[in-house]
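Please examine the structure shown below. The explanation that follows begins with a single residue and then widens to the whole protein.

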Amino acid sequence: MSENFSLQELCVSDWAERNGVKNEPDKEAAKNLLLLAEKLEEVRAILKHPIHINSAYRSPKVNKAIGGSETSSHQYGLAADITCKGFAPVTVSDFVLPNWFI
């Protein structure tokens, strides 16, 4: 999808793997994931550190099974929960948002 993020990485789901459920995006979600990967590359560049994807795409079935919101952007390939070693989660957002528009 991008230099540092693969489709497989953006679609990984421990719940889906444990339960034998495919967590594959449809055509529209796949397009969105491409855009998401590009944005994640920007975040990585701003932080100047690798980032880890905890959760990105979730099929509606996976999203429901894990108790996700019915309107979760994860179902459309438009969200990712990330961490970055050495940064508290709030620090990531506090650092990224002001630098996003430079």
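**From one residue to the whole fold**

Leaving aside residues up to four places away in sequence, V92 touches L47, I82, C84 and F87. The model in which these contacts are found is a predicted one. V92 lies in helix α5. Its relative accessibility is 8%, and because buried means under 20%, V92 counts as buried.

The next topic is the interior. In soluble globular proteins, nonpolar side chains tend to be buried together. The largest nonpolar core here has 18 residues, of which L10, L40, L47 and I51 touch the most other members. Two or more residues come from each of the elements α1 (7-11), α3 (27-47) and α5 (89-99). Helix α3 gives the most, with 8 residues. As for I51, its contacts beyond four places in sequence are F5, L40, V43, R44, I82, T83 and C84.

Consider now the protein as a whole. There are 5 helices and 2 strands, and along the sequence they follow the pattern α-α-α-β-α-β-α. The radius of gyration is 14 Å, close to the 13 Å that the globule rule gives for 102 residues, so the protein is as compact as a globular protein of that length. Of the 102 residues, 33% are buried. Among contacts between residues at least 6 apart in sequence, 67% join residues at least 24 apart.

Finally, the surface may be described. The protein exposes about 6,600 Å², and carbon and sulfur atoms supply 55% of it.

Methods. Residues are numbered from 1 along each chain as its sequence is written. This is a predicted model: local features need pLDDT of at least 70, side-chain atom pairs count only at pLDDT 80 or more; totals for chains, interfaces and linings use all residues. Side-chain values use heavy atoms; hydrogens and water are left out. A nonpolar core is a set of buried Ala, Val, Leu, Ile, Met, Phe, Trp, Tyr and Cys residues joined through side-chain atoms within 4.5 Å. Buried means under 20% relative accessible area, exposed over 50%, partly exposed in between (1.4 Å probe, protein chains only). Helices (H or I, at least four residues) and strands (E, at least two) are DSSP runs, numbered from the N terminus. Contact means heavy atoms within 4.5 Å. The radius of gyration is taken over C-alpha atoms; the globule rule is 2.2 Å times the number of residues to the power 0.38. Accessible areas come from the Shrake-Rupley method with a 1.4 Å probe; for residues, only the protein chains shown count as cover.
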